[in-house]
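Look at the sequence and the model first, then read the points below.

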Amino acid sequence: MPFSSYRRWPFPRHQPLPLLPSSVKQKLSPRLRKPRRTPPLISYLLNNLTVLAVIIALLFFFFTLFLFVSPSPRSSRALGTPGSYRTRSVKQRNLNGSVSAASFDITTKELYDKIDFKDEDGGAWKQGWNVTYQGNEWDGERLKVFVVPHSHNDPGWKLTIEEYYETQSRQILDTIVESLSQDTRRKFIWEEMSYLERWWRDASESRRESFTNLLKNGQLEIVGGGWVMNDEANSHYYAIIEQMMEGNMWLNDTFGIIPKNSWSIDPFGYSPTMAYILRRMGFENMLIQRTHYELKKELARHKNLEYIWRQSWDAEDSTDILVHMMPFYFYDIPHTCGPDPAICCQFDFARTQGFSYEMCPWRQNPVETIPENVEERALLLLDQYRKKSTLYRTNTLLVPLGDDFRYVTVNEAEAQFRNYQLLFDYINSNPSLNAEVKFGTLDDYFSTLREEADRINYSRPDERGSAIIRGFPSLAGDFFTYADREDDYWSGYYVSRPFFKAVDRVLESTLRATEMMMSLLLAYCRKAQCEKLPLGFSYKLTAARRNLALFQHHDGVTGTAKDHVVQDYGLRMHTSLRDLEIFMSKGIEALLGVRHGHDKLDQTPSQFESEPVRSKYDAQPIHKVIGVAEGTARSVFFFNPLEQTREEVVMVIVDKPNVNVFNSNWTCIQSQVSPELRHQKSQIFTGRHRLHFKVSVPAMGVQTYYVTGGSSKCANAQSAKLKYLTNSSSAVSCPVPYVCTEMGETVEIKNGHQLLTFDTQSGLLKRISHINGFETVVEERIGMYSSFGSGAYLFKPTGEAEPIIQPGRTILISEGPLMQEIYSYPETRLVNSPISHSTRLYNSGAGSIQEFVIEKEYHVELTGPEYNDKELIVQFQTDVHNNRTFYSDLNGFQMSRREYYDKIPLQGNYYPMPSQAFIQGSNGRRFSVHTRQSLGAASHKDGLLEIMLDRRLSQDDNRGLGQGVMDNHAMNVVFHILIESNTSATSSPVTNPLPLVPSFLSHRAGIHLNYPLHAFIAKKSHQLSASLTLKPFSPLDVPFPCDLHVVSLKVPRPLRYSQPSGDPRFVLILRRLHWDSSYGYSGSKKCTTLADNPVNLFRMFKGINVSKPKLTSLNLLHEDAVIFEYAEQITEVQEGHVFISPMEIQAYKLDLQPQ
């Protein structure tokens, strides 16, 4: 029957919804039509009378249906069966790179504007109101309740993933198999593949078989299916795709299952980027929980807790996905059955004696269900179900039944299943109650919900809704910053453990580069011998993918785990980083042909090593020192992981200043040498030297340079001129062979685009003057919040941030032809300064990205008790009049508008800044800051952009962790700053409620910062007389268009690479950037084409044949034509032509082989 129907694994219940941003066209492309002879008309009619009669009858039927049965104007789009395709107008391809704004019924900005945020006491439902009902709400459509048992298993929090697995998660999965096998009415859902994969390796054959049978008969559903339930504030979109792909592919490879329902109950706020990624992976439905309690209340009042989440830039509604938001405080049993937690807690039967869980805090504990009390208990529970259902539009209700690490033992599971089944039986046996209650999965719930919404139109007048399912409003926006009660805003975790947030991005960048290099090695490989290196690395590559995926867990990258768990995450990432760097060093040898025929590269050490080196998991990387004697040279190799040629100034460390630099043709190139600096007041010079020189590295290629020990064929590196200013009792000791002079009254550095002026007392930035004449006041400040209520999750300052910089400082300016820098070690009101900082400008060549950016590097050390309960910030007070509105990115994928609200406290006006933030004035002046690690940002004064750098907290914030954050590490925070002035009219950021987008230059600057060149050096020097010329490795035949970014080029299943298969073995994932054209096309000297025209995959590489290209979903599991909205796009891709609309990410499977 429909109410109890479930998906029969592995066959789909219905066709999947469209995944990619295109429109279905049923007609074939002309080039696919087969030519045919046209018979005479009479003959044709005689031969096809039956067919014509059927066609005429069908046309008459549909015409009648249209006239008399068509929905109301709002729902005039054709509606099919639940979850099936809806007819939508043909989407026209966008050929000019622009994006039209979407339309929707609700935005989170409108909700914030409307809500008073008074935190009024609602009674039993403290954050709501006294929920009542008439009693006749279910006369026409009975109440259908799905109770969904679940167990939330954090892959690391108070214990490491391995500790949790051994003590709880393994037993939970054993319990699920045993308990569900006893009664087919029992159901369960599971989310985290990191635990399931571990359990599957240990499980006996009989347990494996039972588990598989439970999946097949619909008792058990895998929801989400990612490696973890990822954070949505700090995680980058690349890492989110990776962790989802890793989990989904393992799930599909093991069970043949493709999940379609997402379950995300514990991340601390939600991003539309996650909704977009899930939609493009074939997901149809989402469930979320942790959103601001006032937003929940407002949505519940208007029965909008279920809605269609739409991207703000999606005018075609192709990203729509159905969302269920849970209404109450938490996802435990007391807060899920209904609005009264004191009653709901009485139905958590694991809180009885004999189990280890705490009793109900409301002092009304569960009692065993017996015949004598079943009526009273069932009606009490049903009353809560009814009240909860009034918060939603339909009469289909979801009731989760679980908590963290529940169902550990069979006895615990039996207590829940047994008692609830008795209650269900009573309710179901009394038709007058108009209710049916049963255990269910998330798919059971959403299938029934869609079926009901298809039968009964719950749409409201003038509600735009969605084409995918009627009856629900469309919503755009994100759900940051989360508050669970009072003024407790969860904005602290945006910055907690920033050291490891930075390591996360380094691992992401290195993994992406390694995947690309492995793909190129295999693509150019002609013999089995050369496959040994990449394929032999497959296990470590898989481990690296999973270690990156693991850290995306919502207690990993968030910095909200116990100290020893953070250490475990750090060790895993450190191990993978070393493995990846070793592989890349060998891969460069193979790509450049250093060893003939890849001779035993998989068995012998590499001749090269990574230039940055990390000695241990919690240490800053240090630069390998290049030592060269006179008459010798050391090779330096650069791998460019981006899709365009890069020309920029790079830096390596040398042991002496009299060196030269040659390119791969042994042509002398300009170089600059300056002393290496460190964060130490008494001795800022290390005795080593920084060598800067300009490189040009081909797209996705390798280029070689040589550092020599003083060649007569080339002038030595030019020594930087040093100027200093200090109030220190000890004068600056000028290092040899530099010339040092005292600084004048003006402190400035400049390049061909801008001049920076600094405060002489602090060394902090004051003003930026541009070559085109305009000036921007940028007053840089460093301060600290005192926060006696803050913890790993919460930010609760006691007042405004106080400045810590005092008169007295050491300032050093290095001036050279390639790089100019001002370094400042400031005096502070603290005994030891927690910060020193450098500002750099580069002269890397006209039109290069690097020339336009201002590089800020802060060395931060909050490592002593004097910094307890302090949070370090940097402020940029500008003359850009932004009216306290700024824009921060969501997962490095899209921007979100952030408006300061006086009705909520400062901590509620802090927002995640995973990779960039900018402010913009009404005159179009824009101030942008890019970061290579996730931080938090705010704009609480006009013209101000504030960014938090680190936080050290001695107290727990009472959210379960049981400790503060005291394991701070010395670290460097790097920003790239841009000042831009628009060249044409732009919308006002004050009046425009939609998010603005970065400029082209801003996009490229952020990509360059987050995906730097990878440098490797030869372990040994060689004689100049014996030097060989290594040709650059340049695999692209034609560079990618400037606005097309290669998200990933990888071999998704390297362990199966050599196995015969008809499926393509490589995957290329591309992202089309959407940029604000009013800011021009700066930084595009080496990048002259846009992706307005299709890209030809067949002509992409030199010496490589591209074959069998096909579109696929972002988890690589959907390939049927029905999932793509452009039917002809499949043909075009097969012919090698790729077109992507701005803002979209698309994946392509293909094969690569040497020509």
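**Disulfides, cores and a cavity**

At 34% relative accessibility, C668 counts as partly exposed; buried means under 20% relative accessible area, exposed over 50%, and partly exposed in between, with a 1.4 Å probe and protein chains only. This is a predicted model, in which local features need pLDDT of at least 70 and side-chain atom pairs count only at pLDDT 80 or more, while totals for chains, interfaces and linings use all residues. Residues are numbered from 1 along each chain as its sequence is written, and side-chain values use heavy atoms, with hydrogens and water left out.

**The disulfide of C668 and C714**

- C668 forms a disulfide with C714, and their sulfur atoms are 1.6 Å apart; a disulfide is a pair of cysteine sulfur atoms within 2.5 Å.
- The torsion about the S-S bond of C668 and C714 is about 40°, so this disulfide is right-handed.
- The pair links distant parts of the chain, 46 residues apart: C668 is in the loop between β20 (660–662) and β21 (671–677), and C714 is in the loop between β23 (702–708) and β24 (718–719).
- Helices (H or I, at least four residues) and strands (E, at least two) are DSSP runs, numbered from the N terminus.
- C714 counts as buried, at 7% relative accessibility.

**Other disulfides**

- The structure holds five disulfides, including one that joins C337 to C344 with an S to S distance of 2.0 Å.
- The link of C337 and C344 is left-handed, with -85° about the S-S bond.
- C337 is buried at a relative accessible area of 2%, and C344 is buried at 0%.
- Another disulfide is formed by C525 and C530, with sulfur atoms 1.8 Å apart.
- C525 and C530 are both buried, and their disulfide is right-handed because the torsion about the S-S bond is about 100°.

**Nonpolar cores**

- In soluble globular proteins, nonpolar side chains tend to be buried together.
- A nonpolar core is a set of buried Ala, Val, Leu, Ile, Met, Phe, Trp, Tyr and Cys residues joined through side-chain atoms within 4.5 Å.
- The largest nonpolar core has 266 residues, and F211, Y385 and F975 touch the most other members.
- Helix α14 (residues 498–523) gives the most to this core, 13 residues.
- Leaving aside neighbours within four places in sequence, Y385 is in contact with residues including L143, C337, Y420 and F424; contact means heavy atoms within 4.5 Å.
- A second, separate core has 32 residues, among them I626, V628, V650 and V654.

**The second largest cavity**

- A search of the whole structure finds eight cavities of 30 Å³ or more.
- On a 1 Å grid over the protein atoms alone, a cavity is a set of points where a 1.4 Å probe fits but cannot get out, and lining residues have an atom within 4 Å of a point.
- The second largest cavity has a volume of about 90 Å³, where a volume is the space filled by probe spheres set on the points.
- Its lining has 13 residues, and E191, N230, S262, S264 and M274 lie nearest the centre.
- Strand β5 gives the largest share of this lining, three residues.

**Around H837**

- H837 lies in strand β34 (residues 835–842) and is buried, with a relative accessible area of 1%.
- The C-alpha atoms of H837 and Y823 are 5.9 Å apart, although the two residues are 14 residues apart along the chain.

Methods:
On a 1 Å grid over the protein atoms alone, a cavity is a set of points where a 1.4 Å probe fits but cannot get out, and a pocket is an open set with protein on both sides within 12 Å along at least five of seven lines; lining residues have an atom within 4 Å of a point.
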